[in-house]
Amino acid sequence: MRRSRARTQHPARPSHPSHAAQTTPPTAPNAPTPPTPPFDSRAARRLRAGLGMEPEHVAYGMRSSFGLPHVTPDMVIDWECGTATPTGAELTALAGMLWCSVDDLAGRPRTLREYRVARGVSAETVAHVVGLELLAYLRMEETGQWRGNERQSAALTELLDLSLADFVTVSGRDWKLAELLQGAVTTRWQGYVRPAAKLLPLDRRLVEDVLRELHSAYRSTTTAGLTWTNGTAWTDADDAGRDFLHHIVDRFWSTVSTVESTGPY
């Protein structure tokens, strides 16, 4: 039976060759859920804005052209805010709607499983190389908390080609680092040097310089959002500040790289 199509009017959008109707193949019972791919929320928001589209337009196109009836404008907003991540099928459809490739929306891996998948290594291989029972390793992937000892951590780092920032992420310390950094940039950064240096294997002087830089950058970002009209302050500072804090960990590692290249550490 053919279902009738709603006659809701939607803004016109240029056609795109990848917008041909697609259907999502049925999932076999008890089939494992594929890993959620890394996602760059800022790229998605930037690309959508560049096309002059609203989240409603994106959601409607994903429903009507890509066979994803569950996608709503709120889901698109959540993806762009980084509070949710699209599945593989949703990411492919979103890329089609934004006239870009999936690679354009790919972000840095955020979990141990994402790093392993990104490197094309099986869970069995990782468990064997680092010296863990497979089930024990899989539990670490499920919880997002790496619990290996120093030798196992070194083996994991070499196998998956992890930087220090990557290893901090897979060991589940990103949330603690983000908490410390948010406190440092919004209050007195000096009080966060010791706990940050304790959390990370970095030189204390480097940590001091990085926190000072981040504190100054945050103040500049929120101040730059201020504009004046008829003697009244109108501000986008809150939005700028929230975006800064949301990506504070990425900013931290970027600043570490910059400061390391200019100072003796």
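**Cores and crossing helices**

Modeller: In the largest nonpolar core, which has 29 residues, Leu177, Leu181, Leu200, Leu202, Phe252 and Trp253 touch the most other members. This is a predicted model, where local features need pLDDT of at least 70, side-chain atom pairs count only at pLDDT 80 or more, and totals for chains, interfaces and linings use all residues. Residues are numbered from 1 along each chain as its sequence is written, and side-chain values use heavy atoms, with hydrogens and water left out.

Colleague: What makes a set of residues a nonpolar core?

Modeller: Its members are Ala, Val, Leu, Ile, Met, Phe, Trp, Tyr or Cys, buried and joined through side-chain atoms within 4.5 Å. Buried means under 20% relative accessible area (1.4 Å probe, protein chains only). Another core, of 19 residues, lies apart from the largest one and includes Phe39 and Val76.

Colleague: Which residues does Leu177 touch, not counting those up to four places away in sequence?

Modeller: Val168, Leu199, Leu200, Val249, Phe252 and Trp253. Touching is contact, meaning heavy atoms within 4.5 Å.

Colleague: Why is α6 called roughly perpendicular to α7?

Modeller: Their axes, lines fitted to C-alpha atoms over the stretch in contact, are 9 Å apart at an angle of about 110 degrees. Roughly perpendicular covers 65 to 115 degrees, so α6 counts as roughly perpendicular to α7. Ala123 and Val126 of α6 are among the contact residues, as are Leu134 and Tyr137 of α7.

Colleague: Where is confidence lowest, and where is it highest?

Modeller: On pLDDT, the predictor's confidence in each residue from 0 to 100, strand β2 is lowest at a mean of 48 and helix α6 highest at 97.

Definitions and conventions: Buried means under 20% relative accessible area, exposed over 50%, partly exposed in between (1.4 Å probe, protein chains only). Helices (H or I, at least four residues) and strands (E, at least two) are DSSP runs, numbered from the N terminus. Axes are lines fitted to C-alpha atoms, for helices over the stretch in contact, and angles run from 0 to 180 degrees between N-to-C directions. Angles under 35 degrees count as roughly parallel, over 145 as roughly antiparallel, 65 to 115 as roughly perpendicular and the rest as oblique.
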